[in-house]
Structures are given as C-alpha cells and as structure tokens.
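Biologist: I would like to go through this model feature by feature. Please give the general idea where there is one, then the case at hand.

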Amino acid sequence: MFPPSAGRHHCATGGHYRRIAMFVCSICGGSTFVDHSILWDQLASEWQLSPDERSYIERQQGTSCTSCGSNLRSIALANAIRAAVGTNLTLTEFVKTPEAGLLSLLEINEAGNLSSILRQLPGHVLATYPSVDMHAMPYSTDSFDLVVHSDTLEHVSNPIPALAECRRVLSPNGTLCLTIPTIVGRLTRSRAGLPKSYHGNAATGSDDLVVHTEFGADMWTYVLRAGFSAVSITSVDFPSALALSARKEKVATRSLGFHPSTTCNTKTPKRIVAVHFPKAGGSSLQSQLLGLLGDSLALDYGHDPLTSAGLETAEFPVGKRGVYGHFSARRYASTDGYWMTFLRDPVDNLISIYYYWKSVTVPGHDLHGRFLREKPSILDFAKYAGVQRLMSETYFGGFDMGRFDFIGFHETRDRDIPRLAAALDLPLSAEVYVNKTEPYTERHIVEDDTSLRRQLADLLADDVAFYERLRN
Ligand SMILES: [Zn+2]
C-alpha cells in the first residue's frame with residue numbers, strides 16, 4: 001500500500017490542479033482533482049515500469065479529490081462498494097442511511113481515505129496486520145456483508161488462499177471489493193527470487209510493505225481461483241484505477257444487509273403500532289425493527305399528518321406484525337396493539353425539523369413545498385398550521401395518550417431503548433443511531449440562542465405543556 005503521506009515527500013511541484021469533466025468523486029461528490037507525484041525512481045526501476053505505466057500508476061495513487069483528499073484508487077473502490085450495495089448516493093451520504101446501519105463490513109488494513117468513512121458504519125470491523133493474518137482470519141464463516149481491502153493483496157505471501165479466506169467470512173450474497181496496483185499490459189509475476197521491493201517508505205524497509213506479487217492483466221483469475229464464480233472490474237480513468245468485486249454465491253434466501261428473523265419471540269406483541277414522530281430518533285429505531293422483523297413490518301409514510309393526505313383512517317395491515325410511519329395516532333385508533341412512540345423537547349425538535357427541511361426536497365409534500373417557496377424564518381415556521389401544535393394536535397390530538405404502552409424520549413434514549421427492547425423481547429440497541437440531519441453551523445447558533453429559544457417556547461407553549469405532562 002502507498003501511504004497517503006507519500007505524496008508529500010515526493011511532490012516537487014506542489015501539485016497541479018485540474019478539473020476532470022468525466023467523473024466526480026464517488027466519496028464526496030467533488031469534481032476538482034490535484035495531481036501529486038507518489039512513485040520514486042528506485043521503485044519504478046524495480047517494478048520495470050515504462051514511462052506510460054508509471055504515469056497511470058501515479059494517477060491511481062496521486063490524483064486526488066481536492067474536497068475530500070481521496071485518490072482515484074479510493075474512488076474506484078467506493079464505486080465497487082456502491083455497486084455492491086446498490087446505491088447512487090456518494091459513499092459519505094450512504095454510510096448515514098438506515099440500510100447502511102444494518103451492514104456488517106470487514107476492512108482488512110486501512111483502505112486509505114475510505115477508512116474514516118467506513119468506520120461510521122455500526123457494523124464495521126477493522127483487521128490489521130500483523131494481529132490479523134489474512135490467510136487465517138479469526139472470524140466465523142458467513143459473517144460479513146462486505147469485505148474490503150485496498151492495495152493489500154500485493155503484500156500477502158499467498159494471494160489465492162488469502163482471497164479464499166475473504167470468501168469464507170463473507171455471508172452468502174456478500175461481496176468482496178478490492179483494489180491492487182495493476183500493470184494492464186503484462187501478466188502477473190511473483191517477486192520471489194528478485195531483490196526486495198517496498199511500497200511506502202523504502203527507507204524503513206518494513207516487511208509488511210514488501211511486495212510479493214506484481215499484478216498484471218490476469219489479476220481477475222486470482223479471484224476465480226479462490227472460489228468465486230464471478231468477478232467484475234470497475235475502472236476510473238482507465239487504466240489508472242481498477243477495483244475488483246466478486247459476490248459470494250447466494251445459497252440462502254436473504255437480501256444483502258437485512259437479517260429478518262424468521263420467528264419472533266413469543267413475548268413480542270402480536271401487533272405493534274409505532275408512531276414515528278419526526279426528528280425524535282425514529283429513523284434509527286425503524287431501521288433496527290426492519291432488520292429484525294423484515295417484511296412483517298409495514299411502513300406507512302404516505303399519510304404524513306403535515307400533508308393533505310394525513311386525515312385518512314386505516315385498519316391495521318393484514319398479515320403484518322407491525323406498522324411504522326409518519327401518521328397521526330388517530331389513523332390507527334381502531335387498532336388494539338402495542339402502541340409506541342419516541343418524542344423530543346418541542347423547541348429542539350422544531351429546530352431540527354427546520355434545518356432538515358432546508359436540506360431536503362420531499363416530492364408531493366404540500367407543506368414542505370410551501371416552506372421552500374416562502375423560506376420562513378424559524379419563528380415564522382413555528383407559526384405554521386400543523387407545526388405549531390405538531391405534538392399536541394397534529395400527531396396526537398384527539399387520542400388518549402394512556403393507550404400508549406411505550407413512550408420514549410430522545411433525551412433519555414440510552415435508557416429508553418433498552419426498556420423497549422425488554423418489553424418487545426427484541427435485541428434493539430441504543431448504539432445504532434442514524435442522524436439524518438447534516439451538521440449545520442447555523443443550527444448550532446440557533447440552539448445556543450437562549451432568547452430565541454424562549455420565543456420559540458412561547459410559540460410552542462401547547463406542545464411544551466403536552467410534552468412536560470408526558471415526561472412527568
Ligand atoms: Zn471527494
């Protein structure tokens with residue numbers, strides 16, 4: 001592997017900025033790139049690179065996004081990961097989604113710039129040399145949805161057994177995504193019997209950076225020889241950056257990322273009605289329940305009580321274990337079941353919704369459409385019909401709150417989620433937290449403005465009183 005800092009040592013020109021129109025950074029969405037020189041003459045000579053080969057390996061390692069610093073190799077790897085999970089989001093956006101919260105991912109050696117992003121996944125595991133030997137990893141068979149390594153395989157003494165070991169720990173239908181520096185105009189050769197060649201800082205001569213294999217045009221055959229039955233190659237700025245991906249054949253009927261349990265525990269209530277009050281932590285809970293209940297959890301997000309579609313009542317969906325969504329409690333008033341919701345301090349909640357609404361577009365949401373047209377101040381937003389009494393009227397007006405079996409609070413989530421887990425007899429975790437609102441400096445200014453908070457509390461007095469009654 002080539003450490004990202006290598007460019008600093010070898011960059012004589014200070015970098016050359018250019019805009020490449022053909023692609024954007026799949027990690028952050030940036031579109032400006034800077035070239036750094038990474039290779040040094042001794043390595044190029046050991047590797048017997050022609051000037052053209054040296055130039056495309058330089059681009060792979062040294063051409064990087066000016067916004068997030070990722071090089072083309074990381075961008076190619078991110079593309080392979082995005083294809084494996086089926087998302088069009090940038091990788092930075094994807095790791096914050098509820099689906100990503102359910103993925104288990106093994107990263108073998110830090111994958112350059114991607115490492116800090118992959119670490120945001122709750123199911124992320126990092127294996128580093130020498131404590132973990134890629135030929136015999138300390139993980140159970142079928143345990144990861146994704147296995148990722150970047151420019152590691154050339155340093156492994158036996159690449160085929162190492163790839164077979166990656167396949168073993170993958171779940172059925174899980175995907176291996178990897179990069180290796182590849183010279184596309186020649187075949188792979190072993191460096192056994194040749195003088196030692198190192199990536200990274202040659203002066204330190206650290207043996208984990210010694211190159212065992214120089215990969216060439218047949219690098220894909222190693223993946224098939226390791227037991228995979230298909231392999232695909234993703235390229236950015238060919239032939240600079242290639243990423244390989246291979247899916248482990250599906251032998252069971254489960255989809256990537258979701259682990260619906262086939263049987264609920266006997267204590268789990270027959271019918272769950274979960275009112276997802278917006279911006280109070282409901283998305284994280286929803287993604288966990290979806291993972292545990294799978295298809296037996298119905299989602300109802302088409303009757304947001306802040307839209308004109310929010311007035312219809314409904315019967316509990318036939319054949320389902322639970323219903324979860326943005327709806328007014330009145331909608332399922334005829335259902336006897338386990339009623340649950342999470343709430344949040346109305347002032348904090350309104351601030352969160354206001355900045356969330358500024359950052360998204362919600363097709364077909366009439367009130368959000370008005371919000372985008374009018375661009376209200378936060379105080380004017382607090383006066384919107386439906387918003388001013390969001391809790392006491394819009395979501396819960398005319399409903400007997402005594403019917404709720406469980407009311408949790410965003411502020412005490414760490415102890416409320418375990419309480420809910422015990423009541424439902426489901427392994428819910430307070431650690432899983434999907435924050436769908438981007439950090440927004442302006443929002444933090446508002447949160448710290450005590451005079452503005454007081455004005456908001458006055459405007460939201462009915463909700464504040466409603467909330468305080470439930471908390472006590
Ligand atoms: Zn970027």
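Biologist: How many bridges join E6 to strand E7 (residues 170-179)?

Modeller: This is a predicted model, and in it E6 and E7 are joined by 6 bridges and run parallel.

Biologist: Which strand is joined to E6 by 3 bridges?

Modeller: That is strand E4 (residues 104-108), which runs parallel to E6. Here Leu 105 has Leu 146 of E6 as its bridge partner.

Biologist: Why is strand E6 (residues 144-150) described as largely enclosed by the rest of the structure?

Modeller: The description follows from burial: 7 of the 7 residues of E6 are buried, so the strand is largely enclosed.

Biologist: Which residues have the most contacts inside the largest nonpolar core?

Modeller: The general idea is that nonpolar side chains in soluble globular proteins tend to be buried together. In this model the largest nonpolar core has 57 residues, and those with the most contacts inside it are Ile 27, Leu 77, Ile 81, Val 147, Val 148 and Cys 177. Helix H4 (residues 72-85) gives the most to this core, with 9 residues. Another core lies apart from it and has 46 residues, including Val 273, Tyr 324, Val 347 and Ile 417.

Biologist: With which residues is Leu 77 in contact, leaving aside its neighbours within four places in sequence?

Modeller: The contacts of Leu 77 are Ala 111, Leu 114, Val 148, Ser 150, Cys 177, Thr 179 and Ala 243.

Biologist: What is the strand order in the open sheet of 5 strands?

Modeller: The order is E14-E15-E13-E16-E17, with parallel pairing. Strand E14 (297-299) and strand E17 (406-409) are the edges, each pairing on one side only. From one strand to the next the twist averages 15°. Within this sheet, strand E13 (residues 272-275) and strand E16 (residues 338-343) pair over 4 bridges, and Val 273 stands opposite Trp 339 in E16. Helix H9 (residues 282-293) packs on the sheet, touching E14, strand E15 (322-325) and E16, and its direction makes about 150° with that of E15.

Biologist: How many residues of H10 are buried?

Modeller: In general, an α-helix has 3.6 residues a turn, so residues three or four places apart point the same way. For H10, 10 of the 14 residues are buried, so this helix is largely enclosed by the rest of the structure. Among the buried residues are Val 347, Leu 350, Ile 351 and Tyr 354. The helices they pack against include helix H11 (366-374) and helix H16 (450-459).

Technical notes: Residues numbered from 1 in each chain as written. Predicted model: local features only at pLDDT ≥ 70, side-chain atom pairs only at ≥ 80, totals over all residues. Core = buried A, V, L, I, M, F, W, Y, C linked by C-beta atoms within 7 Å. Buried ≥ 20, exposed ≤ 12 C-beta atoms within 10 Å, placed from the backbone. Helix = DSSP H or I, 4+ residues; strand = E, 2+ residues; numbered from the N terminus. Contact = placed C-beta atoms within 7 Å. Pairing = 2+ DSSP bridges. Axes fitted to C-alpha atoms, helices over the stretch in contact; angles between N-to-C directions.
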